[in-house]
Each structure stands twice: as structure tokens, then as C-alpha cells.
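Good morning, everyone. Please look at the model on the screen.

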Amino acid sequence: MVTLVVSTTTDPASIGPASALLAKPGWSPGPSFEGVRSYENGGVRLLQHDNSIIREDNLDTRWEELTQECVDNVIFLSKHTAVTNRPALTIHPIGVPHLKEGDVPPQGGKPGWAAPPDPRMGPWIRLLRKIAESRNLIPEFEITMEATHHGPVTSKPTMFLEIGSTLEYWQREDAAEVIALLVWEGLGLEGGASVGVWDRDSDRKKVLLGIGGGHYVPRHMDIIMKENVWVGHLLSGYSLPMDDPDQSKVEDAEGIGGTWKEAIRAAFEATKSAFPGGEILAHLDHKSFKGWQKKAVTAFLEGQSIQIGKPNDFK
């Protein structure tokens, strides 16, 4: 089983962390395919290509076909952009489960799809904050997860590690070093144990499935940053499109159009596949919903036998 760490020369926020990671000991050249360069270090394969990172569909299965190695998970190194231009280090799962067939995903992926979320995300966002603090990047840099969004298509547990939000910060060597250290320590390349490996036999089996809220999922983050919390997909409000009915007559999820139900179902199934044996609990950002929306979402979750968790349930 190998981990693919994927970088691209078209993105300065990908070049920096990849270079910082390759500067550490133990790397040797790996196989090349389709012009993509690779490097090996234990069970980690670092790939460097020259294309848009969100358009490289099925790198995991392509790698397996080339090398006969089984891919365990995929980690992409990328830039983050934001209207505020605020410096940030972020982690997020990928997918566009709210898009319907025929839609053209603006940033890769395929309609209705959500990749299995990497189980490491929860432990790694906490490790990222610890490393960033040790390197004096806080409070200048915000450390946060983002909601599920964009491609490329993968079938193995996947996450993005990103530096935001402008060229100045994408090129920051200290930010690149923090991301490299996150990968280095998180995957156990420094000689320690890997961080965030899911164990289906553990007594900690509750996994947060975030429903609602903004792109930076602040109310979900309040829970995620607590020790020992696992996290799956995070669906913000824009990934839950709902038709506005006669609000006074909403009693359940029936009759409310939009792709919100399909998005929740796809996110739940992908999260379940990434955490075999886990107990998936939907955590709702209640304040982000109108009354009729919350009533419909709650009814749908109950109808799908998806448990709803309160903050204390994740302790």
C-alpha cells in the first residue's frame, strides 16, 4: 500500500511544499509515466506533473495500472484562493455531489461524485495547527478546513493541503515548510508513527459529517479541533441547493426540489466507505438554515437512517 502525494509545476503553492519535502532525506527516483515524474520514500510516492492539478483524473488508478502498487490514499498540494486574500493553510475533502448530470464542473470532478475523504484530515488539521504555531505562522495564517469542493476524480481516500490566498503567500518558504512537515510527520517519514490512520477496531468510531454552514465550516471546526475527532465530508450551504416551497406547509423532505438530497446521500456513502466500521454522525450548522430547510434536512436524514449528532456526541 502506498500514499500518493501529488504536486504540479503550474502552481507555486504546490512547488514550494514539494521542494521542501524532497529536500528531506530518503528520496530516490521512481517510475515515470505520461511525463509525470515520481520519487519514492518508504511507502510514499511523490508525483510531479505539469498540468492543472484539478484536471488530473484517476491518478490513483493510473498509478496502480502502471506499477501494480495498491494506492491507499491521495494527497494533493495546491493553492487556495479567497476573496479576502487572507493568508491561510487549509485541508479539505473533494467532490461536487450537488451537481446534476449534464452540469459542467467549473473546477474538475464529475457531477454527483464525492471522493472518499481521507480519514487523516481530522488529526492532520490539529497537527497542522501545532506545526504552524511552532513556526510562528499563527495568528498571521488562519488554520482551517474547507467544505468539500472541486476535483480531480479519485476513487481512494483523498484530501487537499493548500496555502492561501495570494501569490505572496503561495511563494512563502515558511508556509511551504509547514505543509512539508505536515506530510513528513503525518506519514511517519521522520521515523515516528503515522498520524491519523483509521482503525476500525478502535473504541473511537464516531465520524463527523458536516451539513450546512459557510465554506470555512466554522461551527463544524469548533468540534473538529477537539482531540480525537474524526471528520468526513463537509457540505456547505452552496452544496445543498433547495427549492423554496410554500414555507408554511413544509412538514418533511418530500416536494422540496434541488440536488441537496443527492449531495447528502453521496457524501454520506463516500464517508462511510472511508471509515469502515465507523459511526457516521451528521452535524448540522443549525443557524445557517431557515426553519423549513432545517426541518426538511432533519426529516431526510432520519428517513435515510443517518444519525444526527450534537457537539457533545463527538467527545
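At what angle do helix 7 and helix 8 pack, and how far apart are their axes? The angle is about 45 degrees, and the axes are 11 Å apart. Helix 7 covers residues 260–274, and helix 8 covers residues 291–303.

Some ground rules. This is a predicted model, where local features need pLDDT of at least 70, side-chain atom pairs count only at pLDDT 80 or more, and totals for chains, interfaces and linings use all residues. Residues are numbered from 1 along each chain as its sequence is written, and side-chain values use heavy atoms, with hydrogens and water left out.

Now the terms. Helices are DSSP runs of H or I with at least four residues, strands are runs of E with at least two, and both are numbered from the N terminus. An axis is a line fitted to C-alpha atoms, for helices over the stretch in contact, and angles run from 0 to 180 degrees between N-to-C directions.

Back to our pair. Under 35 degrees would be roughly parallel, over 145 roughly antiparallel, 65 to 115 roughly perpendicular, and the rest is oblique. The crossing of helix 7 with helix 8 is right-handed.

Which residues make the contact? Helix 7 brings Trp260, Lys261, Ile264 and Arg265, and helix 8 brings Ala296, Val297, Phe300 and Leu301. Contact means heavy atoms within 4.5 Å. By class, six of these residues are nonpolar, none is polar and two are charged. Here Ala, Val, Leu, Ile, Met, Phe, Trp, Tyr, Cys and Pro count as nonpolar, Asp, Glu, Lys and Arg as charged, and the others, Gly among them, as polar.

Next pair. Helix 1 (residues 12–22) packs on helix 5 (residues 173–186) at about 55 degrees, with axes 8 Å apart. That makes helix 1 oblique to helix 5. Their crossing is right-handed. Gly16, Pro17, Ala20 and Leu21 of helix 1 meet Ala176, Glu177, Ile179, Ala180, Val183 and Trp184 of helix 5. The count is eight nonpolar, one polar and one charged.

Helix 5 also meets helix 3. Their axes come within 10 Å and cross at roughly 130 degrees. Helix 3 and helix 5 are therefore oblique to each other. This crossing is right-handed too. Helix 3 contributes Trp124, Leu127, Leu128, Ile131 and Ala132, while the helix 5 side includes Val178, Ile179 and Leu181. The contact residues divide into ten nonpolar, one polar and one charged.

On to charges. How many salt bridges does a search of the whole structure find? Twelve. A salt bridge is a side-chain nitrogen of Lys or Arg within 4 Å of a carboxyl oxygen of Asp or Glu.

Take glutamate 69 and arginine 45: their closest N and O atoms are 2.9 Å apart. This pair links distant parts of the chain, 24 residues apart. Glutamate 69 lies in the loop between helix 2 and strand 5, and arginine 45 in strand 4. Are they buried or exposed? Glutamate 69 is partly exposed at 22% relative accessible area, whereas arginine 45 is buried at 7%. Buried means under 20%, exposed over 50%, and partly exposed in between, using a 1.4 Å probe and protein chains only.

Glutamate 64 pairs with lysine 156, with the closest N and O atoms 2.4 Å apart. Glutamate 64 is in helix 2, and lysine 156 is in the loop between strand 7 and strand 8, 92 residues apart. Lysine 156 is buried, at 17%.

Last, two buried residues. Alanine 115 sits in the loop between strand 6 and helix 3. Its relative accessible area is 1%, so alanine 115 is buried. The C-alpha atoms of alanine 115 and serine 155 are 5.8 Å apart, though 40 residues separate them along the chain.

Serine 7 is in strand 1. Serine 7 is buried as well, at 1%. Beyond its neighbours within four places in sequence, serine 7 contacts residues including Ser14, Ala18 and Leu77.

Technical notes:
A crossing is left-handed if the near helix is turned anticlockwise from the far one by less than a right angle, and right-handed if clockwise.
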